[in-house]
Structure formats: C-alpha cells, structure tokens
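Here is a short tour of one protein model, written for someone who likes to know the cut-offs. Have the viewer open as you read.

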Amino acid sequence: MAGNTSPAGMSSAEFIAGHLAENQPLVSRGWCRQWWPQPPPWDLGELARRFGDCRVPVFDSLFEMQRVVRFEEYVSAMADGVAGGEPVPYMRWYARQRNFQMICADDAFAELKGDWAAPSWLPSDDYVFPAIKENADPTKDSFPAKGLFICAAGGRTRLHVDPWASDACLCQITGEKRFVLYPPAAGKALSDGAGVVDLDRPDTARFPLWNSVEPALEVTLQPGDAIFIPAGWYHAAVALSASVSVTWNFVHAVNAGRFAKYLDSGGSADPTVKYFRRQHRSEGYA
Ligand SMILES: O=C(O)CCC(=O)C(=O)O
Ligand SMILES: [Fe+2]
C-alpha cells in the first residue's frame, strides 16, 4: 500500500515525522540488511537447542496464558503437528515487565543480544515509556511487551489494540506472518467497548457492522521484515509457516501528550507502567 512500505534505510527523523507523529503504520522490508545479509538463524530447532530446558508460557490466540512447558517440549509438540481444527498453541516469551512475573525471557534475550539489532529508523533517544533518554537499544534494554513470539504455522493473534496507548515494532526473524491492520476509527464497527470482533469467527449479532470497514493494510512479512503498529490501530496476525518474531512496545516523546492522557485516565495503576516507572526511578531517571 502506497505510503506504508518504506525502505529499510529511512532516517529516524523521517520515521518520527511520517509515522510516529502521524500515527501511521510502516512495513520495512529487509530491515536487518542494514546489519546482516540474513536475519539471525533462529528457527525453532536452533532455539530449542539453545533454550530447550527453559520453562516458557504458551498462550491461546489472544493474551490468555494456557500453561507453562519446557521450550523443547513445545517445539517437539509443534513438530508432531496440531490436530485439525485445534488452535495452534502460541508461545509468547516475554521479558520482565511486571513485578510478579514468574517466567521471563531476560536471560535468553541477554544471550541473543549480539545476534540482532532493531531497525535503524527507530529513534534511539527521547522515550517516555520506558523512560530512556539516550541510546535506547531494544536488544539490551527492557521494554513493555518485549518478547520472543514463536509458533507453528496457523498460530494466530486475534484482532486487538495494544495497551498503554503505546506503539509497537515487530521484527520477523523466521517464517512468514500475515498482518491485517485497521485504523482507530474502525473501532466503531470492530469493538463494542467490552471486546473486539474475532475476524475468523465474527459474532454478527454482537458486531453487526464488523464487515462495513476495510483493513487499511494487509501484508505478509518475510524473514527480515519489520512492521510498525501505531497506538490505537486494530491488528491481527497469523503465521503462514513456523514463525519466530521479536517485538516490543514503546512511547516516544513525540507522543508524550497521548501517554499522559492515558496515565490520567487510570493507566498509572497498570502493573507494567508501575514496573517501568519504578525501574527508571531507581536508575536515576525522573
Ligand atoms: O505477532 C503476532 O502474533 C501479533 C503480535 C501482537 O500484535 C501483540 O502481541 O500485541
Ligand atoms: Fe498487538
């Protein structure tokens, strides 16, 4: 779609003006070619060799955790295949983002940090959530919802809007993943305030207008592509093949006003907001 696909070489000033400030999505083909000819070799087998003994959380097609398994068990269960009609279990291995989080990917991210880099169009300075003033580096720093997302073909994330009035970046490492994005204004048709329509099984009595809005963007990410999902945008994803993605959320200073409104309307009680505020206070930030 015109305007939504940009070369990996765009500057962060262009990204801030054209995408962050304008709340417009971006698909960046070959983001990783800035650093390497190929994305890191993190297929499920390679990750299972490195992290097979780690306990990891497995989710449904939204954000409901189902159970905890050993990484290796998850990978061999996926290799054995999922029964037809059964939802594909989705591994969301998040880095620490709240105080009472039993299972974190922090050690794995520490081990993987030399393998990857964030897209160079992302700004490195002036984040307000997390409050990092300079040299932000998602390979090393904590971010809300920073995670390794891993699934077999068919793994999906149903339509939703991300929390914290935050933006998100997702880098596709292994496999193909299809994304559908709708702008915030489509929420009138897609959401009833309590929930969002499931595009695969729409409850037409509850969401009678769901089909009256068109996605603004439908795209299949290949290994080495990245997508920027702006705050308030409805999005859904499905893996077309075994998939590994890395993702994180953030608020940049250019959107500080939007974030302040979110905090004022109850967001400051959110456990992830509190976790990051405490962390940055202890590191000497405001
Ligand atoms: O990659 C996916 O499955 C979707 C990720 C996403 O939108 C999220 O975790 O909020
Ligand atoms: Fe999301």
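## Helix faces, salt bridges and charge

On one side of helix H6, Lys-261 and Asp-264 are exposed, where exposed means over 50% relative accessible area, buried under 20% and partly exposed in between (1.4 Å probe, protein chains only). The buried residues of H6, which spans residues 256-264, are Phe-259, Tyr-262 and Leu-263. These three cover an arc of only 100° around the axis, so they sit on the same side of H6; the arc is that of the directions from the helix axis to the C-beta atoms. An α-helix has 3.6 residues a turn, so residues three or four places apart point the same way. Helices (H or I, at least four residues) and strands (E, at least two) are DSSP runs, numbered from the N terminus.

A word on the source: this is a predicted model, in which local features need pLDDT of at least 70 and side-chain atom pairs count only at pLDDT 80 or more, while totals for chains, interfaces and linings use all residues. Residues are numbered from 1 along each chain as its sequence is written, and side-chain values use heavy atoms, with hydrogens and water left out.

Now to the salt bridges, each a side-chain nitrogen of Lys or Arg within 4 Å of a carboxyl oxygen of Asp or Glu.

| Pair | N to O distance |
|---|---|
| Arg-70 and Asp-53 | 2.8 Å |
| Arg-156 and Asp-200 | 2.6 Å |
| Arg-206 and Asp-192 | 2.5 Å |

Arg-70 forms its salt bridge with Asp-53. Because Arg-70 lies in strand S4 (residues 65-70) and Asp-53 in the loop between helix H2 (44-51) and strand S3 (55-59), this pair ties together parts 17 residues apart in sequence. Arg-70 is partly exposed at 29% relative accessible area, whereas Asp-53 is exposed at 63%.

Arg-156 meets Asp-200 in a salt bridge. Arg-156 is in strand S8 and Asp-200 in the loop between helix H5 (187-190) and strand S11 (217-221), so the pair links parts 44 residues apart in sequence.

Elsewhere, salt bridges that share partners join Glu-46, Arg-49, Arg-50, Glu-111 and Asp-115 into one network.

Finally, Val-161 lies in the loop between strand S8 (156-160) and strand S9 (167-174). Val-161 and Val-196 are 35 residues apart in sequence and 8.7 Å apart in space, C-alpha to C-alpha.

Key:
Chains lettered and ligands numbered in written order.
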